[in-house]
Amino acid sequence: MRIATFNCENLFARYKFKKNVDPTALDGFSINNLAFDLLDEDEKQITAKAISEVNADVIALMEVENLTILDRFTSKYMKKLGYKESLLIDSHDPRGIDVALLSKYPIISARTHRNDHTEIPKSKWPWLFSRDCLEVLLDIDGKPLTLYINHFKSMLDTKAKNSEEARTNTKPKRLEQAKKVAKIVDSKWKDIDYNGNFIVLGDLNDYPGEGTSLDILLNHPGLVNVVERLPADEQWTHFYAKAKEYKQLDYIFLSKSLADENSGKPEIMRKGIAKKAVKYTGPRFEEVGNKKPVASDHATVYMDIELS
């Protein structure tokens, strides 16, 4: 099976204010007439191309507004891919972005951590995971697979003088989120020495190396960052245009036993990244521009694996 993670960047809908749609006559999306359009249809078509290019059996998504938008997006642009299952639980992010899942396999159960509280003293924001740590159990041809889908605190900080200062200022929340994900994994898998079909994945909004908030996951005895199997210069998954930075922000952590049984390497699909990201010299979708339109500022990370 193929597993993937992709921050699809602002999968939103916007009301048709300019199209004389009567908001009292329609109930949002309807079969005959839509009161809402997908935000920036041109870009979302490229986003759909990026997802279609990878054609994962199971793909975790970040920055999705709600389940209605996801289902509309999937049915409009990716109907032929065969995603029979979709899942999103609205969380507390002030921008309204959530983590989500598309799957060709049945979803057996889901557990949300949207209401977990932060322990940071005097925090103005009570929630630990503003975009959730979504646990999903899937049935992959009779074999169980547990996913932990995440989108950690951003490194953006408008008060910081540079990107490194912003990273430092926003680190405490990511550090707390990483520790909680490790604790969640430990509570289920530690007693059996992390032998099982489980994966931690998503946009963790920090990169490996000095000063990272992700040490507890990167050095976890039950998790393997498979992107590390790629050459160092090929591990980047995100292009930050303002600072011209290429970093790994997106991860697939296989369980220890899955990593032992799957010695292959993941792939990073960058065909939808802006042309301004000159470090990538491979093919792009023809609609991609220098800055805009793009599929996303993130690339899709995917890997073919066999389950035990």
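Helices and strands are DSSP runs, numbered from the N terminus. On that numbering, H3 gives the largest share of the lining of the largest pocket, nine residues. The model described here is predicted.

Confidence comes first. The mean pLDDT of the chain is 92. A value of 70 or more is reached by 91% of the residues. Residues 25-35 fall below 50. This stretch still has 21 contacts in the model beyond near neighbours in sequence. Where pLDDT is low, the predicted coordinates should not be read in detail.

The pockets were examined next. Rolling a probe the size of a water molecule over the atoms shows where empty space is left. The largest pocket holds about 1,300 Å³ of space. Its lining has 45 residues. Nearest the centre of this pocket lie Ser154, Met155, Leu156, Asp157 and Thr170. Two or more lining residues come from each of strand E1 (2-11), helix H3 (163-189), strand E12 (238-240) and strand E13 (245-247). Sorted by class, the lining comprises 17 charged, 15 polar and 13 nonpolar residues.

The second largest pocket has a volume of about 240 Å³. Residues lining this pocket include Glu9, Phe239, Tyr240, Lys291 and Lys292. Also in the lining are Ile273, Ala274 and Lys276. Six of the lining residues are nonpolar, five are charged and one is polar.

Attention then turned to the interior. In soluble globular proteins, nonpolar side chains tend to be buried together. The largest nonpolar core has 32 residues. Ile3, Leu147, Ile149 and Ile199 touch the most other members. Several elements supply at least two residues each, among them strand E4 (58-64), strand E6 (98-103), strand E9 (143-151) and helix H5 (256-261). Strand E8 gives the most, with four residues. A second, separate core has 30 residues, including Met78, Leu81, Val294 and Ala295.

Not counting residues up to four places away in sequence, Leu147 touches Ile3, Val58, Leu101, Leu134, Glu135, Val136, Leu138, Ile199 and Leu201.

One loop residue was also followed. Asn197 sits in the loop between H3 and E10. Asn197 has a relative accessible area of 7%, so this residue counts as buried, for which the cut-off is under 20%. Leaving aside neighbours within four places in sequence, Asn197 is in contact with Pro144, Leu145, Thr146, Trp189, Leu258, Leu307 and Ser308. Val99 lies 98 residues from Asn197 along the chain, and the C-alpha atoms of the two are separated by 21 Å.

Note on methods. Residues are numbered from 1 along each chain as its sequence is written. This is a predicted model: local features need pLDDT of at least 70, side-chain atom pairs count only at pLDDT 80 or more; totals for chains, interfaces and linings use all residues. Side-chain values use heavy atoms; hydrogens and water are left out. On a 1 Å grid over the protein atoms alone, a cavity is a set of points where a 1.4 Å probe fits but cannot get out, and a pocket is an open set with protein on both sides within 12 Å along at least five of seven lines; lining residues have an atom within 4 Å of a point. Grid points are joined across faces, edges and corners, and a volume is the space filled by probe spheres set on the points. Ala, Val, Leu, Ile, Met, Phe, Trp, Tyr, Cys and Pro count as nonpolar, Asp, Glu, Lys and Arg as charged, and the others, Gly among them, as polar. A nonpolar core is a set of buried Ala, Val, Leu, Ile, Met, Phe, Trp, Tyr and Cys residues joined through side-chain atoms within 4.5 Å. Buried means under 20% relative accessible area, exposed over 50%, partly exposed in between (1.4 Å probe, protein chains only). Contact means heavy atoms within 4.5 Å. pLDDT is the predictor's confidence in each residue, from 0 to 100.
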